[in-house]
Amino acid sequence: MDFVKNQIVTIKIEDIGTNGEGVGRVDGFTLFVKGAVIGDLVEAKIIKVKKHYGYARIEKILEPGKDRVKPVCPVADKCGGCAIQHLSYEKQLEWKFQKVKNCLERIGGLENIEQKMEPIYGMEYPYYYRNKAQFPVGTDKNGRLITGFYAGRTHSIIENTHCYIQAEVNEQILETVLGYCRRNHISAYDEKTGKGVLRHILTRVGFRTGEIMVCLIINANKKKMVKIEELVEELTKIDGMTSITLNINRERTNRILGDKIVPVWGQTYITDYIGNVQYQISPLSFYQVNPKQTEVLYGKALEYADLSGEETVWDLYCGIGTISLFLAQKAKKVYGVEIVPQAIEDAGQNAKINHLDNVEFLVGKAEEVLPREYEKHGIYADVIVVDPPRKGCDGTLLDTIVAMAPKRVVYVSCDPATLARDVKILGEKGYQVDKVSVVDQFGHSVHVETVVLLSKLNTRQHIEVEVKMDELDLTAAESKATYEEIKAYVLEHTGLKVSHLYIAQIKQKYGIIERENYNKPKSENSRQPKCPPEKEVAITEALKYYGMM
Ligand code: SAH
């Protein structure tokens, strides 16, 4: 059946789309219905038709789904902040768990994965959980200064000073700032003309310490903030006020923050904790927005890393080093790699204030830094942790991880689809999924965080898996796996790098059967480099360790 614009259809909602819209099918045709939730039966009007899917708007809810709830927030429907507040929190969690499971099964090719999944870690109270907010400032149709959040996919402000997912104290801060600006005729910045002063109000709250930061982002210099002492006097009445600053941003850009911070009152940073680790947070620094659930998430990563104090750990995509510092408390040495230089500076500073001197941070792309360090210095890891952005890990990086042969890989992910893709690749190269946990960091949004523990199969298991997967020639599988193991073992124990050729020579020398293998000399006389004695000793040790001689 062909569908056309303005057509009215009856549709049962079965899933949630990437922007929180309801998803259902009519005669096999997928429709995204804004505002509909799982379980709803709705009459919807088609507003756009694409080749394989379309968009529709609710005309009438024929039967509300049993998990539909009235949002706590009166502007939830209009505001672009919360995508699924009209679905009960329990159902949100169930959907997030299922989403991860489906990805791991369908994309990752992992059967019966549910047996390895822990129950989802939801929030105790899924409101007032964010510690950072950036409220845009504008005017209503009467020219009155307002703040709130943007409506979905636009820059029109939905007026609101009481956001149910932000720190509660924001309401008082926002009313105070708006009152001061209205009295002193400080104008709102206008994106269209580039004129006006106040652009955004940024707040941060240390949930553990109670410290509060207010930063006003202005398209002007400090002088424009007339009688700022009035504002300071009022803001400092708020319990916990620690830092009041201005941020100067005079660019006509969507970027919220400029580079310059002007101190107004108190410190230019606040302090907070995740676990036992202390962080100094400036208006510009990155920091996890839900520290309580971050602790759960990274606690899982730490548990899966299973450290005894002897390990060398690499934390890739380390940001400001949250995971690295968590790990450093239990590991011998931690290396963090991150692409943003400022984040690495913060990471180093955080290591210092926590007196953790067994951490080293490297700036650069993980997929360049790790292969380079491996080639050049033959670096080693007992455990590798990755926490990549949505697009997941680069193929070169996964190859280097496999070559380094850590015992465990802990994969922290904010996108289950790319996680599943990467887990599949690692699975084909000898890493099996042992445990999975899903942690909800962002209630009422469609985002899902997952931690997966992968462990290296020993050579024998790996061979079995490979042979089962494909009736391939056992020789190839066996030799490939064994060579990687031996190389890693030698490197770990002696720091020496040995080639496949040398390993083959030693295996031959001791009569360990070498079937057809590309490393075999073509003739007895062919000139090939000979394995030097110290490498021979090292390889022999490895062969003994693996019970091959
Ligand atoms: N674990 C971090 C957050 C990880 S978010 C923390 O606790 O702070 C993903 C991080 O990967 C971001 O900091 C981003 O800047 C970084 N990143 C993105 N692409 C990268 C790449 N190719 N190599 C290294 N880091 C990268």
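Begin by selecting helix α12, residues 500-509, where Gln505 is found; helices here are DSSP runs of H or I with at least four residues, strands are runs of E with at least two, and both are numbered from the N terminus. The model is a predicted one, in which local features need pLDDT of at least 70 and side-chain atom pairs count only at pLDDT 80 or more, while totals for chains, interfaces and linings use all residues. Residues are numbered from 1 along each chain as its sequence is written, and side-chain values use heavy atoms, with hydrogens and water left out.

Stay on Gln505, which is buried with a relative accessible area of 16%, where buried means under 20%, exposed over 50% and partly exposed in between, for a 1.4 Å probe and protein chains only. Its side chain reaches the backbone nitrogen of Cys531 at 2.9 Å. If neighbours within four places in sequence are set aside, Gln505 is in contact with Gln528, Pro529, Lys530 and Cys531, contact being heavy atoms within 4.5 Å.

Now zoom out to the whole chain. The protein chain holds 13 helices and 21 strands, and its C-alpha atoms fill a box of roughly 90 × 65 × 40 Å along the principal axes. Of its 549 residues, 54% are buried.

Next, colour the open sheet, whose seven strands run in the order β17-β16-β15-β18-β19-β21-β20 with mixed pairing; two strands count as paired if DSSP finds at least two bridges between them. Strands β17 (359-363) and β20 (431-439) stand at the edges with a single partner strand each, so one side of each is left without a neighbour in the sheet. From one strand to the next the twist averages 15 degrees.

Val313 has Val334 of β16 as its bridge partner, and Asp315 stands opposite Gly336 in β16. Five of the five residues of β15 are buried, so this strand is largely enclosed by the rest of the structure. Show its side chains: Thr312, Trp314 and Leu316 point one way, whereas Val313 and Asp315 point the other way.

Beyond four places in sequence, the contacts of Trp314 include Tyr335, Val337, Leu362, Ile384 and Met404.

Finish at helix α2 (residues 170-183), whose 14 residues should span 20 Å at 1.5 Å a residue, in agreement with end C-alpha atoms 20 Å apart; the expected span is 1.5 Å times one less than the number of residues. Among its buried residues are Ile173, Leu174, Val177 and Leu178, and the elements covering the buried residues include β6 (132-139), β9 (198-205) and α3 (228-235). After α2 comes His185, whose phi is positive, near 55 degrees.

Conventions:
Axes are lines fitted to C-alpha atoms, for helices over the stretch in contact, and angles run from 0 to 180 degrees between N-to-C directions. A polar contact is a pair of N or O atoms within 3.5 Å; within protein, one must be able to donate a hydrogen and the other to accept it, and residues adjacent in sequence count only if both atoms are side-chain atoms.
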